[in-house]
Amino acid sequence: MSTSPNVTLSRRGILAAGGAVGIGALLAACGGDKGSGGANKGAGTGPWSFTDDRKQKVSLKNSPQRIVAFTGTAAALHDFGIDDRIVGVFGPTKLKNGKPDPQAGDLDVDKVTIIGNAYNQFNVEKYASLRPDLLVTNMYEPGALWFVPDDSKDKITPLAKTVAITSARVPLVKIIERYADLAESLGADLRAKKVTDAKARFEHASERLRKAAKAHPVKVLACSGSPDLFYASNPGINADLMYYKSLGVDLIVPDHLDKGGYFESLSWENADKYKADLLLLDNRTATLQPKDLTAKPSWAKLPAVKAGQITPWSSEPRFSYAGAAPLIESLAKAIEVAKKTN
C-alpha cells in the first residue's frame, strides 16, 4: 500500500482494500518501451510490445484495443490520452452516491464496465465477457498485481496479457514517466497540449513546493486514522512522499515500521509519538477524517491539530502529471502558511 496498512501487511491488503479497514487495518500510510519495447509509437494497429516493471516483455500481434485496468491506472492512462480503448476498470470507481471516486480522476466512469468497485469484488465472468487484450495495474509489492485478488488470480491472468507498473519504493516522478512510456507505446501523443500543459503545471508545482519547504521548514507527518490505530507513514517507501522529501519537505520518518515498511501503527494513546507541525492526513473514504477524529482525546491534543494545521493527503495518487500536480500544489500551500508548533 502506499499509505497505511495493507492486505498482506504490505501494501496490498489494506491499500487494496481500497483503504478499507480490513485485515486489521486500512492501509493508510497505504511503446515505446523505454527500457525495452515500444514498438509502434502513435500507431493504433500493428505489432506491439512493452516491458513492464516485472521485467516481463509483453507482446501482441496488434496494439491492444480492449484494455481493462485498475481504476487509478485507467485514469492515469486517460490523462495521457488513452481513452476509448479502456473498456473496463476494477477498484474504487464510484462512491455510494453514484459520483466518481477520486481515484477515477477525469475518467468517464459511465463509459466503462466496472468489474468490481472494491477489493475482492473482481468479477471474473464480467471480465472475460469484455474480451480484453490487456490488463494493466499498479504493483506495490514485487510481482503482485494491484487489486487482482489472489484467490482468483489464476483464473484472471490467462484471459489476457498483463502489465504491471511499480508504484512504490521509487519517487512519484519516475512512476509517472513509466506511465507516460506505456501510454506512448499504446499510441498516445505526449506532445499533445493537454499533456504538455499538465507536465508544465507539475513542474511549476514541484518548484513551488521546493521553495515552500525551504522557506518554511516545518515538520510534516503523513498519517492515517482508523477506529483503533493511528498510522505514521514512511516517506522512504511511499512514492509521493519520497518525491516530496526529495524536494526538501521535512517529512518525519517512523522508527518502528510494521511489516512491509509502509507505516508504523500506533495505538491512539501513543498518537503523539512524533511531534509534527503539519499533518498530511489520508483522505480516502475509508479512513477517518478530522470530523470523525474529534472523539479521540489524543487527536485533539496533537500540536498540529491544536494549530489547525491539517491538510488532505491523497495517499493513492494518480500517476500522471495531471493527477499529481494538484496534490503538490495543495501541500505547498499548506506548508506556506504553516507555523512551527514547538
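Two strands count as paired here if DSSP finds at least two bridges between them. The model shown in these views is predicted.

**View 1. An open sheet of 5 strands.** The strands follow the order β5-β4-β3-β6-β7, and their pairing is parallel. At the edges are β5 (113-116) and β7 (161-166), each of which pairs on one side only. Neighbouring strands of this sheet are turned against each other by 25° on average, direction ignored. Strands of a sheet pair through backbone hydrogen bonds, either parallel or antiparallel.

**View 2. The pairing of β6 with β7.** Strand β6 covers residues 134-139. Its pairing with β7 is in the parallel sense and extends over 6 bridges. Within this view, Asn138 stands opposite Ile165 in β7.

View 3. Helix α5 (residues 172-185) lies across β6 and β7, and its direction is at about 155° to β7.

**View 4. The contact of α5 with α7.** Two packed helices are described by the angle between their axes and the distance between the axes. For α5 and helix α7 (residues 239-246), the axes come within 7 Å and cross at roughly 120°.

View 5. Helix α7 is mostly covered, with 6 of its 8 residues buried. The buried residues are Ala239, Asp240, Leu241, Met242, Tyr243 and Tyr244. After α7 comes Gly248, which has a positive phi, near 105°.

View 6. Glu141 is placed in the loop between β6 and α4 (153-156). Glu141 counts as buried because its relative accessibility is 16%, and buried means under 20%. The side chain of Glu141 makes a polar contact, at 3.2 Å, with the side chain of Arg169.

Conventions. Residues are numbered from 1 along each chain as its sequence is written. This is a predicted model: local features need pLDDT of at least 70, side-chain atom pairs count only at pLDDT 80 or more; totals for chains, interfaces and linings use all residues. Side-chain values use heavy atoms; hydrogens and water are left out. Helices (H or I, at least four residues) and strands (E, at least two) are DSSP runs, numbered from the N terminus. Axes are lines fitted to C-alpha atoms, for helices over the stretch in contact, and angles run from 0 to 180 degrees between N-to-C directions. Contact means heavy atoms within 4.5 Å. Buried means under 20% relative accessible area, exposed over 50%, partly exposed in between (1.4 Å probe, protein chains only). A polar contact is a pair of N or O atoms within 3.5 Å; within protein, one must be able to donate a hydrogen and the other to accept it, and residues adjacent in sequence count only if both atoms are side-chain atoms.
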